[in-house]
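Here is a brief report on a protein fold. It covers sheets, domains, cores and helix packing.

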Amino acid sequence: MKTIRCLTILALVIFAGCDRPASQAVHPIADLLLVNADVVTVDPDVPDTEAVAIKGEHILAVGTSEDLSKHIGDETEVIDLDGQMVIPGFIEGHGHYTSFGGSLLILDFRYAKSFAEIVSMVADAAAETPAGEWIVGRGWHQDKWETKEEVLVEGLPIHDSLSEATPDHPVMLIHTSGHAVFVNERAMNLVEIDGSTTPPPGGEIVTDENGRATGMMREAAQDAFRVAYSGHQGRRPAGVAEAELRRMITLAGEESLRHGITSFQDLGTTFAEVDLIRTMADEGNLPVRLFMAFEEQAADMEGRLGDYRMVGYGNNFLTVRTIGEKVLDGALGTHGGWLLAPYADMPESYGLNVVSVEEIEKSAELAMKYDYQMAIQAIGDRAYRELLDIYEAEFEKHPDKTDLRWRIEHAQVIHPDDVARTVELRVIPAVQGIFACSDGPWVVDRLGEERTRERGYIFNTLAEAGLVPTNGTDPPVDEISPIGSFHCSVTRELPDGTLFQPQEAYSRELALYSYTMGNAIAAFEEDIKGSITPGKLADLAVLSQNLLTVSDDDLMDTEVTMTILGGKIRYRNGTILRD
Ligand SMILES: [Zn+2]
């Protein structure tokens with residue numbers, strides 16, 4: 001009898017010893033108690049309530065403020081949240097962690113209103129940079145420019161004014177999509193590319209009517225510039241590059257915490273990066289939990305993937321079990337998305353197949369062999385269909401393997417026939433809510449009205465078909481902002497107030513689910529993350545108002561006031577907190 005009772009208590013309260021008095025055994029003491037809050041658990045089995053008790057790294061209990069007072073001891077920190085909302089920490093479902101960190105170090109053109117403004121920002125930077133050093137910036141998008149240049153080629157300016165302002169520095173300006181760069185003359189001379197150069201397969205060197213390179217390099221044509229830049233960076237003194245990478249990793253994590261993000265899914269890392277990130281996990285120096293996917297050549301991954309597979313490494317701070325985001329196609333904005341039918345505004349083009357189908361097939365075989373998940377980019381409906389074909393063929397070879405959760409990243413244009421196939425294959429379309437609003441102003445130009453309505457950013461259709469809803473902002477492609485992406489997911493409201501595909505908006509509940517449980521499921525992490533459930537990791541965000549009930553107009557005023565990671569407060573009212 002005693003044994004049975006002891007076992008029962010043990011099952012209920014793993015922290016308490018069997019020989020303690022029953023009252024202590026059933027009321028363990030919390031380290032942190034959040035009370036008088038508006039707690040939305042995102043767990044159908046745990047009703048929304050007022051208070052959360054945390055012990056160590058885990059959620060101890062969820063209930064009313066009065067209920068949970070029994071967990072208060074001498075050492076418990078009790079925080080009265082005065083009605084603020086508590087949710088599971090946001091999970092960024094698709095981003096590029098170190099380049100996001102790097103973007104916090106380089107010129108930011110996201111708010112530039114003209115090409116001339118960009119040129120003047122670059123000129124200012126050049127004035128402070130030793131001659132011969134690269135000047136790099138990112139985040140520009142021609143459709144955000146209010147004033148246009150007089151001479152345009154395919155809607156883009158020619159490099160002359162940029163080259164005149166920066167004769168002594170190679171300049172590389174990365175498009176907001178990451179799928180193109182705009183360079184100056186010095187950079188083109190350095191890598192020996194001009195209008196007469198044959199572009200590499202899957203790339204395009206844009207030229208004017210006289211065959212002169214304009215400076216715009218699409219897809220694979222940008223590689224030579226990126227290689228030259230990273231080669232230059234790599235030749236800097238030993239230790240400088242690693243110190244810079246560490247700084248990027250820290251900056252990216254701190255910026256995540258400011259936005260209530262406690263886990264970040266990176267879709268494109270290297271073995272070298274993971275080596276450093278693993279070291280930082282060992283040191284306890286990772287600011288957020290990371291889920292890293294390899295973007296390496298299949299030939300380089302063979303033989304190495306087994307050694308690098310990690311699940312919940314370093315106290316659940318690092319997981320590596322995915323091959324991604326090798327890009328099957330390019331971006332829609334730069335006419336790179338690979339379509340089944342030509343672009344409406346460039347009828348000679350179906351977009352680009354960037355990484356070959358054969359290379360993706362090889363990666364898929366490796367994924368099966370080493371028990372990795374696939375997470376490959378397909379933006380256009382042709383790329384999406386090709387990827388489903390590749391996945392299906394691999395699944396058929398391995399009928400014994402189930403619950404693979406292979407992902408298709410972005411999934412912005414999908415043929416209706418492929419929605420049911422996705423459900424059948426149990427593939428996850430890993431979408432980003434914010435793209436509906438940042439791309440919305442020009443999607444109809446690219447696809448035409450009918451195709452847009454049927455296939456464009458059909459995120460709610462996917463969810464209603466039973467697919468796992470996901471979310472994210474692909475930082476640094478779009479601004480890291482769960483609130484911004486939540487707002488777009490539920491309103492589909494463009495900056496000018498018009499609506500883009502409003503029938504595809506998520507409900508508020510679905511949007512919150514997508515950013516928490518949905519993203520956790522897409523990473524096989526639903527047992528430890530994604531909801532406020534006793535026993536799960538205490539990763540929480542506190543918001544100034546309730547995302548489920550505030551009006552559409554007030555949504556964007558929501559502030560993250562506190563971020564809790566593994567039971568520790570890591571961000572509070574504007575300040576990053578360390579041990
Ligand atoms: Zn991406």
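Two strands pair if DSSP finds at least two bridges between them. Strands (E, at least two residues) and helices (H or I, at least four residues) are DSSP runs, numbered from the N terminus. The model is predicted: local features need pLDDT of at least 70, side-chain atom pairs count only at pLDDT 80 or more, and totals for chains, interfaces and linings use all residues. Residues are numbered from 1 along each chain as its sequence is written.

**Sheets**

Asp 38 has Met 85 of S6 as its bridge partner. Strand S6 (residues 85-88) runs parallel to S2, and two bridges join them. Both belong to an open, mixed sheet of six strands, ordered S2-S6-S21-S22-S23-S24. Strand S2 (38-39) and strand S24 (575-576) stand at its edges; each has a single partner strand, so one side of each lacks a neighbour in the sheet. Helix H9 (residues 240-258) packs on this sheet and touches strand S22 (560-565), strand S23 (568-572) and S24. Contact here means C-beta atoms, placed from the backbone, within 7 Å. The direction of H9 makes about 85° with that of S23. Axes are lines fitted to C-alpha atoms, for helices over the stretch in contact, and angles run from 0 to 180 degrees between N-to-C directions.

A further open sheet has four strands in the order S4-S3-S1-S5, again with mixed pairing. Strand S4 (58-63) and strand S5 (77-80) are its edge strands, each pairing on one side only. Neighbouring strands in this sheet are turned by 15° against each other on average, direction ignored.

| Strand pair | Bridges | Direction |
|---|---|---|
| S2 and S6 (residues 85-88) | two bridges | parallel |
| S1 (residues 32-35) and S3 (residues 51-55) | three bridges | antiparallel |
| S9 (residues 135-140) and S10 | five bridges | parallel |

Leu 34 stands opposite Val 52 in S3. Arg 138 stands opposite Ile 174 in S10.

**Burial and cores**

A residue is buried if 20 or more other C-beta atoms, placed from the backbone, lie within 10 Å of its own; it is exposed at 12 or fewer and partly exposed in between. Five of the five residues of strand S10 (residues 171-175) are buried, so S10 is largely enclosed by the rest of the structure. Val 171, Leu 173 and His 175 cover one side, Met 172 and Ile 174 the other.

A nonpolar core is a set of buried Ala, Val, Leu, Ile, Met, Phe, Trp, Tyr and Cys residues joined through C-beta atoms within 7 Å. The largest has 126 residues; Val 52, Val 86, Leu 290, Leu 328 and Leu 387 touch the most other members. Beyond four places in sequence, Val 52 contacts Leu 34, Val 39, Ile 59, Val 62, Val 86, Ile 532 and Leu 540. Another core, of 31 residues, lies apart and includes Val 181 and Ala 224.

Thr 269 lies in strand S14 (residues 261-269). It counts as buried, with 23 C-beta neighbours inside 10 Å. His 96 is 173 residues from Thr 269 in sequence, yet 8.0 Å away, C-alpha to C-alpha.

**Helices and domains**

How do H14 and H15 cross, at roughly what angle? The axes of helix H14 (residues 357-370) and helix H15 (residues 381-397) cross at roughly 35° and come within 10 Å. Residues in the contact include Ile 360 and Ala 364 of H14 and Ile 390 of H15.

The domain assignment, automatic or from a database, gives domain 1 (31-89 + 532-579) and domain 2 (97-234). Their centres, taken over C-alpha atoms, are 44 Å apart.

How values were computed: Contact = placed C-beta atoms within 7 Å.
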